[in-house]
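I opened the notebook to look up a few things in this structure. My plan was to go from the whole chain down to single residues.

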Amino acid sequence: MARGITESDVHTAADELVAKGERPTVERIRAHLGTGSPNTVTRWLETWWNRLGTRLQPRRSDFDDAPAELAELAGQWWELALKHAREATLREFAETELSLATQRDALDARSRVVADELSQMRSERAAAIAGERLASTQATELERLVDQLRLQISELTEQRDLELRRADRSEAARQQLDARLNETLETAKSEREDWTEYVRSIENRTLSEVDRSRQEAKDLQTQLNNQAKAQRAIEEQLRKELHAAQSAAISAGQATDVLRGRCEALEQQLSSLRELPAQLEAAFKRNAPKEAAPTSRARRQSPKST
């Protein structure tokens, strides 16, 4: 209420209503005063009714000059009026108390409903806060995992590049060995042809000196055989080196394929993880209206509770 009311305010308002020919009630007095709580008006209206009999009690001097029959009849009428006034007052009090009890029960029920809704809103708000914290924690953890994966991908990329460089170097070494082998084979072939031609020329020139030339031929043949063995040994060594280089190149190619497969798998995992924060954000936005709905309901209920 805007200001406090006194007992005198209620009594004055009741007198003014009676003067207008209206029965003073709690609602009429509140409307007449424009303020006042029902409990306060009821308490002061009860004192007004209690004092009404004394205020309206006729003074003995007013009936001193009246006839005895008239005075007795007036007394009976007065008692009857007081009886009816008390009964009306009691009925008014009973109706007022019933109305106040009904209003109090309705307010209690409304207070319980508002308390339940407030408790539910607090629970939903706590759940939403917990969900937001969990989502934030998961997002942080995912970011950490993404950073780790990026670091691993960077390391694997460096390893892949290193293996590729090694494979390139192995391929270059193999090509060099092939070139050296071909060059050695060509040289050995040319030397064999030269030695064979030389031996033939010696045989043709020394037909007359067979005995002397035979020994020389044997010596030359021995040298040629030794030279051929040396050439075959060199060729065998070069073939072994070429085979080793080819095996190394094959192993490097296989390792490169394995690293390339791992890189592709990690890139797919990184792509999936990049989409996960967006999915979490979308899920959080879908849950956001559930938190906003109780707030709107609380706003609709706030005027009633006031």
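Below are my entries, starting with the overall fold.

**Whole chain.** I am working from a predicted model. I looked up the secondary structure and found five helices and zero strands in the protein chain. Read along the sequence, the pattern is α-α-α-α-α.

**Burial and surface.** I checked how much of the protein chain is buried. Of its 306 residues, 21% are buried.

**Contacts.** I looked at contacts between residues at least 6 apart in sequence. Of these, 76% join residues at least 24 apart.

**Leu-162.** Where does Leu-162 lie? I found Leu-162 in helix H4. Its relative accessible area is 31%. Buried would need under 20% and exposed over 50%, so I logged Leu-162 as partly exposed.

**Glu-186.** I went on to another residue of helix H4, which covers residues 68–205: Glu-186 has its place there. Is Glu-186 buried or exposed? Its relative accessibility is 54%. The cut-off for exposed is over 50%, so Glu-186 counts as exposed.

**Charge patch.** Which residues gather with Glu-186 in a patch on the surface? I noted Glu-193, Asp-194 and Glu-197. Together with Glu-186 they form a patch of negative charge.

Technical notes
Residues are numbered from 1 along each chain as its sequence is written. This is a predicted model: local features need pLDDT of at least 70, side-chain atom pairs count only at pLDDT 80 or more; totals for chains, interfaces and linings use all residues. Side-chain values use heavy atoms; hydrogens and water are left out. Patches are made of residues with over 30% relative accessible area and no salt bridge: like charges are joined within 9 Å, nonpolar side chains (Val, Leu, Ile, Met, Phe, Trp, Tyr) within 5 Å. Accessible areas come from the Shrake-Rupley method with a 1.4 Å probe; for residues, only the protein chains shown count as cover. A salt bridge is a side-chain nitrogen of Lys or Arg within 4 Å of a carboxyl oxygen of Asp or Glu. Lys and Arg count as positive and Asp and Glu as negative; His and the chain ends are not counted. The place of a charge is taken as NZ of Lys, CZ of Arg, CG of Asp or CD of Glu. Helices (H or I, at least four residues) and strands (E, at least two) are DSSP runs, numbered from the N terminus. Buried means under 20% relative accessible area, exposed over 50%, partly exposed in between (1.4 Å probe, protein chains only). Contact means heavy atoms within 4.5 Å.
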